[in-house]
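Subject: Structure for your attention, with notes

Dear colleague,

Please find below the structure that I promised to pass on, followed by my notes on what was found in it.

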Amino acid sequence: MSHHPNPNPYLASPTAPPALSLPRRGTRDAARGLITPPATAVTGPQTQQAPELAQRYELLNRLGVPTVASEDFDDLARDMAAKAGFLYGFVNLFLEEQTFVGLHQPPADSGYFIVGRTMSRDHGWCPDVMARKKALPLHDVHASPRFSGNHVVDAVGIRSYFGAPLVHDSGTVLGTVCVIDPEKRPLSEARRLRDIVINAGAQVMDHMDRAPVR
């Protein structure tokens, strides 16, 4: 399967690829600058935040897991995307925003969209993975009316998504891992691709469990 860029309304110009953040709440405009996470980890949520968010912060802090971009998580995202044959891979923590502590995407000069490190909590398909607490395989997002109307589809032109939750042994759901791509996949590949992201999620949780405990 070829992933060479080709002219269509979803792809950036090969001569001037934009640095984009994935869509954010209240807008369908993806033309935003690349968002870089702060240099130091967030130590905790504000008092008005939901209990489940506070629980995530407490667990991440106890495990010693950073809430900013990590080379280890970038490597895990890259490995997952490579095994699936997808252009984009994410290790995603659900904090005030979806925060991509692990990210793999095409090179800046590839002609494909270059995404940022955060996205609104209610955009994309990862919120559904969080709610169902199990993998979500979408070999073609347009095959289901429930999942076809999505800001990510409109802004980036994504046709396939496979995601799995990051569930700690305590039952706390910390976030997701997922791969996305502008090409749909055959239904016959769905089980294999689902298993890849499930296994990647297990690897991420194993890495978190092995982090220095505070």
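With which residue does D181 form a salt bridge, and how far apart are the closest N and O atoms? The partner is R185, and the closest N and O atoms of the pair are 3.3 Å apart, a salt bridge being a side-chain nitrogen of Lys or Arg within 4 Å of a carboxyl oxygen of Asp or Glu. Both D181 and R185 are buried, where buried means under 20% relative accessible area, exposed over 50%, and partly exposed in between, with a 1.4 Å probe and protein chains only.

Residues are numbered from 1 along each chain as its sequence is written, and side-chain values use heavy atoms, with hydrogens and water left out.

Confidence and overall make-up

The mean pLDDT of the protein chain is 80, and 75% of the residues score at least 70, pLDDT being the predictor's confidence in each residue, from 0 to 100. Residues 1-48, however, have a pLDDT below 50, although the model gives this stretch 103 contacts beyond near neighbours in sequence; a contact means heavy atoms within 4.5 Å. Where pLDDT is low, the predicted coordinates should not be read in detail.

Six helices and six strands make up the secondary structure of the protein chain, in the order α-α-β-β-β-α-β-α-α-β-β-α along the sequence; helices (H or I, at least four residues) and strands (E, at least two) are DSSP runs, numbered from the N terminus. Of the 214 residues in the protein chain, 49% are buried, and among contacts with a separation of 6 or more, 66% are between residues 24 or more positions apart. The accessible surface of the protein chain is about 10200 Å², with 52% of it belonging to carbon and sulfur atoms, as given by the Shrake-Rupley method with a 1.4 Å probe.

Two helices

Helix α1 (residues 51-63) has 13 residues, and its first and last C-alpha atoms are 18 Å apart, close to the 18 Å expected at 1.5 Å a residue, the expected span being 1.5 Å times one less than the number of residues. Its buried residues are L53, R56, Y57, L59, L60 and L63, and, seen down the axis of α1, they fall within an arc of 165°, so they line one face of the helix; the arc is that of the directions from the helix axis to the C-beta atoms. The cover over these buried residues includes β1 (88-94), α3 (126-132), β6 (173-181) and α6 (190-209). Just after α1, G64 has a positive phi of about 75°.

Helix α6 has 20 residues that should span 28 Å at 1.5 Å a residue, and its end C-alpha atoms are 29 Å apart, which agrees. Among the buried residues of α6 are L193, I196, V197, V204 and M208, and the buried residues of this helix pack against α1, α2, β1, β5 (160-167) and β6.

Charged pairs

A search of the whole structure finds ten salt bridges. One of particular interest to trace is that between D74 and R117, with the closest N and O atoms 3.1 Å apart. This pair links distant parts of the chain, since D74 lies in helix α2 (residues 71-84) and R117 in the loop between β2 (98-104) and β3 (118-119), 43 residues apart. D74 counts as buried at 13% relative accessibility, and R117 is buried at 14%. The side chains of R210 and D206 also meet in a salt bridge, at 3.0 Å from N to O; here R210 is exposed, with a relative accessible area of 58%, whereas D206 counts as partly exposed at 39%.

Two single residues

V101 has its place in strand β2 and counts as buried, at 0% relative accessibility.

K133 lies in the loop between α3 and β4 (136-138) and counts as exposed at 52% relative accessibility. Its phi is near 60°, a positive value in a residue other than glycine. Most residues other than glycine have a negative phi.
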